[in-house]
Amino acid sequence: DDETGWESLSSITHPSPSLMWLRRASIASIASTLRRLSTLTSSTASSTPHDGVLSATATSISPSPSSPSPPPIPCASSPFASPPPTVAAASFYKRELPSSLIAFTSERGKRIFRQAMDDGAMEAYFPLAEQYVTQFEPAYCGLATLAMVLNALAIDPHRTWKGPWRWFHEEILGDCLELDSVRKRGISSSEVIRLARCNGLSVTAFDASQSSLEAFREHVIACCSRSDSPLVVHFCR
């Protein structure tokens, strides 16, 4: 009875002419291929078994000169139908990794990963990798991180995300925040801690100004050696 749903159903039930042409062309192409396969099978398969296995000669299949390929299907909505739009000068595609950092997929990064695995210091990686999400908005890094941690620790949000599924997502965590404000300014570490505690987590916070590099490394090793105590680092780039 929903009008929007009926329009969606109609668009599926009554395909566009281009889609119908595609279906006819595909069916004709499939039928032609099946006929060639049938001829090939009957001419190359041997009826004499060799060691109990039916033998056949491998032959490549190429289009017959008498069966020209159908013309390309015009598609006005194709993103390649016209030149790509002009890219804004202020935009960029990815960024160069600073020389002081090690790429995860580099040979050195893989070597460090294997060494950490051998040392038993990658226990936290796998439950987090299973729940990895990329942030929905540029300023949602704190919300995406917290959603990933909550799902990795198998915390039930007790509210639905989509359909019947109870699952943490940035938008769900926005119940206690003004998402419009988060989109503009991001989220502070104190707000992340408050949200984490509100959703059933026990949090121990450490301020960098009241700690040391040695203490930080000890915390990293301790947390990475367990699967139930992920470490979240809030830093300014």
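L177 is located in the loop between α6 and α7, where helices are DSSP runs of H or I of at least four residues, strands are runs of E of at least two, and both are numbered from the N terminus. With a relative accessible area of 14%, L177 is buried; buried means under 20% relative accessible area, exposed over 50% and partly exposed in between, for a 1.4 Å probe and protein chains only. The model is predicted, so local features need pLDDT of at least 70 and side-chain atom pairs count only at pLDDT 80 or more, while totals for chains, interfaces and linings use all residues. Residues are numbered from 1 along each chain as its sequence is written, and side-chain values use heavy atoms, with hydrogens and water left out.

Apart from neighbours within four places in sequence, L177 is in contact with L143, V182, I187, E191, R194 and L195, contact meaning heavy atoms within 4.5 Å. The C-alpha atoms of L177 and I187 are separated by 9.5 Å, and these two residues are 10 residues apart along the chain. The loop between α6 and α7 also holds G174. G174 counts as buried because its relative accessibility is 10%. A distance of 8.2 Å separates the C-alpha atoms of G174 and L143, which are 31 residues apart along the chain.

The largest nonpolar core has 20 residues, and L143, L146 and L173 touch the most other members. A nonpolar core is a set of buried Ala, Val, Leu, Ile, Met, Phe, Trp, Tyr and Cys residues joined through side-chain atoms within 4.5 Å. At least two residues of this core come from each of α5, α6, α7 and α8. The helix that gives the most is α5, with 7 residues. When residues up to four places away in sequence are not counted, L173 touches L143, L146, A147, L150, F168, L195 and N199. In soluble globular proteins, nonpolar side chains tend to be buried together.

Two packed helices are described by the angle between their axes and the distance between the axes. For α5 (residues 141-152) and α8 (residues 189-198), the angle is about 30° and the axes are 10 Å apart. Axes are lines fitted to C-alpha atoms, for helices over the stretch in contact, and angles run from 0 to 180 degrees between N-to-C directions. Helices α5 and α8 are therefore roughly parallel to each other, given that angles under 35 degrees count as roughly parallel, over 145 as roughly antiparallel, 65 to 115 as roughly perpendicular and the rest as oblique. G142, L143 and L146 of α5 make the contact with V192, L195 and A196 of α8. These residues divide into 5 nonpolar, 1 polar and no charged; Ala, Val, Leu, Ile, Met, Phe, Trp, Tyr, Cys and Pro count as nonpolar, Asp, Glu, Lys and Arg as charged, and the others, Gly among them, as polar.

The loop between α5 and α6 contains A154 and H158. Phi of A154 is near 60°, a positive value in a residue other than glycine. Phi of H158 is likewise near 60°. A154 counts as exposed at 66% relative accessibility, and H158 counts as exposed at 67%.

Over the protein chain, the secondary structure comes to 9 helices and 0 strands. Buried residues make up 19% of its 237 residues.
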